[in-house]
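Subject: Structure handover

Hello,

Here is the structure I promised to pass on to you. Please have a look at it first, and then read on for what turned up in it.

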Amino acid sequence: MMSKVIALLFIGQLTFTIAAALYGPSYPWIFLILGMVLFTVTGYLYRAYNQTQANIQRSIEQGFLSLIDGDFSVSIAPKNDPTYDRVFNLFNQCTEKLRKERQHLYQREMLLDKVLNTSPVITFLVSPEHKIIFANRAAELMFKEGGSLLGHSWHDISETLDDDFAHALQNSGESIFTLNDQNGDEQAWHLAKSIVRIHQASHTLYLLKSITHELGRQEVQTWKKVIRVLSHELNNSIAPISSMCHSGQLLAQNLSEPRLDRVFSSISRRIAHLNEFIKGYGELSKLKMPNKQCINWPVLVEQLNALYPFELTTALPKTSIYADEHQLEQVLINILKNAHEAQSEQLDAPAVQVSFADHELQNLTIEVRDFGAGMAPEVLENALLPFYSTKHAGTGLGLALCREIIDAHQGKLAFRNCATSGVVVSVSLPYTVSTKAH
């Protein structure tokens with residue numbers, strides 16, 4: 001733009017000089033007209049040049065102000081001036097790169113926010129002023145029953161907690177503590193507390209995770225190892241004993257000694273029983289992963305009712321649930337069998353009751369209630385442990401196998417005594433998609 005103005009002024013000045021030399025003395029009016037025209041053109045060009053410079057400066061200022069305000073969608077249109085257009089192109093490339101980086105960061109923040117809010121790990125961040133500046137959905141459900149925690153005082157929240165919980169939150173580093181849930185069941189929790197620097201200020205990050213299921217899984221794995229070791233050692237001892245017993249029976253038959261034959265026959269029966277015992281525990285240690293399919297509740301309930309009659313107190317589930325039908329049937333048969341045995345000695349006891357409860361499309365709970373004498377606290381605490389049984393001929397296998405099956409379905413098996421009489425066994429199963437476990 002500046003070069004064009006200079007060129008036009010040079011041509012004008014040259015024209016005025018030539019005209020003055022040729023016609024100045026003879027025609028002064030021509031000289032006067034050319035001077036006026038040159039002055040007018042010069043003023044117009046100067047004004048146009050200044051206006052252009054002002055527009056360019058205004059565009060640059062507005063562009064940088066937009067960047068300061070965080071608006072990266074701004075761009076500067078070319079002015080058909082090579083000097084400025086190069087700067088404008090660099091400015092536009094810069095804003096385009098900043099816009100893409102911002103979109104990338106926004107997508108990452110959205111992903112992180114979704115991951116944190118869907119995570120079962122309770123997460124909240126406390127500012128140096130002891131205000132909660134971030135809390136995921138799990139934290140809101142635990143501390144505020146689903147309400148927002150943002151801006152709340154951390155001291156006000158911690159004062160409403162259990163003493164053990166509050167004490168664990170005050171400790172630094174990691175800690176493990178136990179709490180009782182709304183059903184009175186003891187739950188184990190792992191707490192990690194750390195300091196996070198944000199904008200040169202120290203914030204406190206709390207991560208709280210329930211480890212009850214993990215501890216239960218580790219406990220089951222330990223029992224499986226014990227069972228495998230015991231089974232191996234017992235099988236190594238039973239095999240030669242069984243062989244020698246068979247040889248003894250043959251010798252007793254040749255000696256025509258009926259007492260020896262009875263002794264060896266009794267030993268053979270006990271060996272067979274021990275083999276069945278070991279085989280049963282082998283099933284617990286080698287349980288297959290569930291092959292999940294859509295459960296046909298009318299058919300399954302009819303089959304169960306034919307084996308162990310019960311009263312259905314609710315409607316059947318309408319929402320499809322995917323589970324291993326054979327394993328689930330095995331669990332319910334065992335629970336119904338125990339319920340009938342628990343009230344077998346009760347005269348005129350009502351029928352065993354079965355009910356279904358749907359909890360906000362998150363999980364399905366099946367409850368089996370008997371009207372027996374109930375369970376002692378010690379029995380409730382140890383009912384799911386292998387080898388533990390209160391029955392005279394029990395192996396302690398049934399409920400332990402049930403828990404292993406339900407754990408493999410990411411569910412929960414629980415017991416509780418009723419206020420009047422009897423025990424309620426609840427089986428909670430999550431609603432999952434139609435997938436087969438591998």
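Among contacts between residues at least 6 apart in sequence, what percentage join residues at least 24 apart? In this protein chain the figure is 54%. Please bear in mind as you read that this is a predicted model.

**The chain overall**

The protein chain holds twelve helices and twelve strands. Of its 438 residues, 33% are buried. Its accessible surface comes to about 28,100 Å², and carbon and sulfur atoms account for 57% of that area.

**Helix H3**

Helix H3 covers residues 82-118, which makes 37 residues. Among the residues of H3, Asp85, Phe88, Phe91 and Thr95 are buried.

**The five-stranded sheet**

Five strands make up an open sheet, in the order E2-E1-E5-E4-E3, with antiparallel pairing. At its edges are strand E2 (132-135) and strand E3 (173-180), each of which pairs on one side only. On average, neighbouring strands of this sheet are turned by 20° against each other, direction ignored.

Inside the sheet, strand E4 (residues 186-198) and E5 are joined in the antiparallel sense by ten bridges. Helix H6 (residues 163-170) lies across E3, E4 and E5, and runs at about 175° to E3.

**Aromatic pairs**

The structure contains five aromatic pairs. One of them is Trp154 with Tyr206, a tilted pair at 5.0 Å centre to centre with 35° between the planes. Trp154 belongs to helix H5 (residues 154-158) and Tyr206 to strand E5 (residues 201-210), so this pair ties together parts that are 52 residues apart in sequence. Trp154 and Tyr206 are both buried.

Another pair is Trp297 with Phe356, edge-to-face at 5.2 Å centre to centre and with 70° between the planes. This one also links distant parts of the chain: Trp297 is in helix H9 (residues 297-307) and Phe356 in strand E9, 59 residues apart. Trp297 and Phe356 are buried as well.

There is an aromatic cluster to look at too, formed by Phe124, Trp154 and Tyr206.

**Strands E9 to E12**

Strand E9 (residues 353-359) runs antiparallel to strand E10 (residues 363-369), and seven bridges join them. His359 has Asn363 of E10 as its bridge partner. E10 is in turn joined by seven bridges to strand E12 (residues 423-430), again antiparallel. Here Glu367 stands opposite Ser426 in E12, and Val368 has Val425 of E12 as its bridge partner.

Strand E11 (residues 412-417) also pairs with E12, in the antiparallel sense and over six bridges. Val425 turns up again here, as the bridge partner of Phe415. The hairpin of E11 and E12 has five residues between the strands, and Gly422 in that hairpin takes a positive phi near 90°.

How many of the eight residues of E12 are buried? Eight of the eight are, so this strand is largely enclosed by the rest of the structure. In a regular strand, side chains alternate between the two faces of the sheet. On one side of E12 you will find Val423, Val425, Val427 and Leu429, and on the other Val424, Ser426, Ser428 and Pro430; both faces are covered.

**A closer look at Val423**

Val423 is found in strand E12. Why does Val423 count as buried? Its relative accessible area is 4%, and the cut-off for buried is under 20%. Leaving aside neighbours within four places in sequence, Val423 is in contact with Val368, Arg369, Asp370, Gly374, Met375, Phe415, Arg416, Asn417 and Cys418. Val423 and Ala339 are 84 residues apart in sequence, while their C-alpha atoms are 8.1 Å apart in space.

That is what I have for you on this one. Happy browsing!

Best wishes

Notes:
Residues are numbered from 1 along each chain as its sequence is written. This is a predicted model: local features need pLDDT of at least 70, side-chain atom pairs count only at pLDDT 80 or more; totals for chains, interfaces and linings use all residues. Side-chain values use heavy atoms; hydrogens and water are left out. Helices (H or I, at least four residues) and strands (E, at least two) are DSSP runs, numbered from the N terminus. The expected span of a helix is 1.5 Å times one less than its number of residues. Buried means under 20% relative accessible area, exposed over 50%, partly exposed in between (1.4 Å probe, protein chains only). Two strands pair if DSSP finds at least two bridges between them. Rings of Phe, Tyr and Trp (its six-membered ring) pair if their centres lie within 6.5 Å; planes under 30 degrees apart count as stacked, over 60 as edge-to-face and the rest as tilted. Contact means heavy atoms within 4.5 Å. Accessible areas come from the Shrake-Rupley method with a 1.4 Å probe; for residues, only the protein chains shown count as cover. Axes are lines fitted to C-alpha atoms, for helices over the stretch in contact, and angles run from 0 to 180 degrees between N-to-C directions.
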